[in-house]
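The entries follow in the order in which I took them.

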Amino acid sequence: MIKTENNSEKSRRNALKLLAAGSSSGLFSLFESPAARAEKYVKPDYAKGMAPVTIKSVKAITTAPGGANLVIVKVETSEPGLYGLGCATFTQRAAVVIVAINTYLNEFCVGKDVDNIEDMWQSAYVSSYWRNGPVLNNALSGLDQALWDIKGKRAGMPLHQLLGGKARFAVPCYTHANGRTPEEVIESVKKIQEQGYKYIRIQQGGYGAVGSTDQKPDFKAAGFGGETDNFMNERTYLKAIPELFAAVRKGCGEEVELLHDIHERVQPMDAINMIKKLEEYRPFFIEDPFSPENMKWFKQLRASTTVPLAVGELFNNINEFLEPMANQWFDYIRIHVSQIGGVTPAMKVARLGEWFNIKTAWHGPGDVSPVGHSAHAHIDLAVWNFGIQEAVQFNEKTLEVFSGCPTMKNGYMSVNEVPGIGVDINEKEAAKYPITTKSNWQVRKFDGTSIRP
């Protein structure tokens, strides 16, 4: 009788043959120490990462091709040809930001690993012991953006991909309509609508109706204040804005989304009363009703009206956002990314906003560089709780200095889809437009009392 070998017996014999082979995966390797096995391990290519790159120098580049002082941080690295750019623009105090960058940030950063952005931010933030004010925050913002620019170039990805990828195809924007009369504003709104914009901020005579009246204030006649100080009639402004909203709604229809910026220039109770009058005209948001010194008034404003609010461009510290966001006192995060400390803290505030249904609306005025505007747009593309972005138009001189600038089409902003932030600077062209130290942000009442912000 012939005996047949069952499957179990065959399996046992095959296992013994493998053990006897003595290969590195066989019996003897089972008795090797972990250290010995680790020495033989070869990382696959995807796990090898990139070789360390260190910071070689940090410097400020200044230029003013559009009239406003712009300050750019350039971080050069130990890898030839690899550098990053960030926006550190503080137009009103540009000269002192330059010193902070060239003297203190350069010394602080040289030799450090460019990849450790979080550590760099946290340590630079406290390296002066006192927490940053606007000067050091702008310098830190430029450094932070430049490091993200470098990381994107090293990874071969646009910044928005490093932040999680696109949540929308482009960035919806609002732009500004202005005029001395409601009729002029209506005409401006209609022209902007023809360009494809769905969101338009309306102002009459500028912030707080500055320049909308021919009245001569008493302080001018008395020789008080500076020659270039502006005048604001608060009563005229508070009466004019509800009338402006009514006229624009009637003249331009219900489809257009209307925004307005109070710019903290009236007393809290007056702002509350005016905003209540605007409810029937359905503003998309009202911006900065109170100065940072009057934050507690937001609780009363929130209880008084359903008009959406945008706040935060004057905040120096991300911790200033915590209480009002936790209490849902406003609806749109009005961060100035080149002032709050850069991409790193802006992303933290944006992510916090998602939990409280608060959306982003980054501050994007003309005194932000193309590098800063591009950083805004990359974040806008990536965060789910995006709300709206302030549009920007660059003049020909600016486009000669900066290449790869964000572009506008039909009310949408798009970024240069290349690794990093996507904007470069021609330093030779930049030098043609030197900055100035002259600045005046002063507005006064009839008697010469200074008006905040």
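Which residues lie nearest the centre of the largest pocket? I found F90, Q92, E313, L314 and W441 there, among the 32 residues that line the pocket. Before going on I noted that this is a predicted model, in which local features need pLDDT of at least 70 and side-chain atom pairs count only at pLDDT 80 or more, while totals for chains, interfaces and linings use all residues. Residues are numbered from 1 along each chain as its sequence is written, and side-chain values use heavy atoms, with hydrogens and water left out.

I read a volume of about 840 Å³ for the largest pocket, and its lining divides into 8 nonpolar, 14 polar and 10 charged residues. For the classes I took Ala, Val, Leu, Ile, Met, Phe, Trp, Tyr, Cys and Pro as nonpolar, Asp, Glu, Lys and Arg as charged, and the others, Gly among them, as polar. On a 1 Å grid over the protein atoms alone, a cavity is a set of points where a 1.4 Å probe fits but cannot get out, whereas a pocket is an open set with protein on both sides within 12 Å along at least five of seven lines, and lining residues have an atom within 4 Å of a point. I found 3 cavities of 30 Å³ or more, and the largest cavity holds about 40 Å³ of space. Its lining includes E264, D288, F290, E313 and L314, and by class it has 5 nonpolar, 2 polar and 3 charged residues.

**Helix 4 and helix 5.** I looked up helix 4 (residues 117–126) and helix 5 (residues 134–155), which pack at an angle of about 170 degrees with their axes 10 Å apart. They are therefore roughly antiparallel to each other (an angle over 145 degrees). In the contact (heavy atoms within 4.5 Å), I117, M120, W121, A124 and Y125 of helix 4 meet L140, L143, D144, L147, W148 and K151 of helix 5. These contact residues comprise 9 nonpolar, no polar and 2 charged.

**Single residues.** I placed L301 in helix 11 (residues 297–304), and it counts as buried because its relative accessibility is 0% (buried is under 20%, exposed over 50%, partly exposed in between, with a 1.4 Å probe and protein chains only). Leaving aside residues up to four places away in sequence, L301 touches I272, I275, P289, F290 and L309. I then turned to G156, in the loop between helix 5 and helix 6 (159–162), which at 48% relative accessibility counts as partly exposed. The C-alpha atoms of G156 and P419 are separated by 5.0 Å, although the two residues are 263 residues apart along the chain.

Conventions. Axes fitted to C-alpha atoms, helices over the stretch in contact; angles between N-to-C directions. Helix = DSSP H or I, 4+ residues; strand = E, 2+ residues; numbered from the N terminus. Parallel < 35°, antiparallel > 145°, perpendicular 65-115°, else oblique. Points joined across faces, edges and corners; volume = space filled by probe spheres on them.
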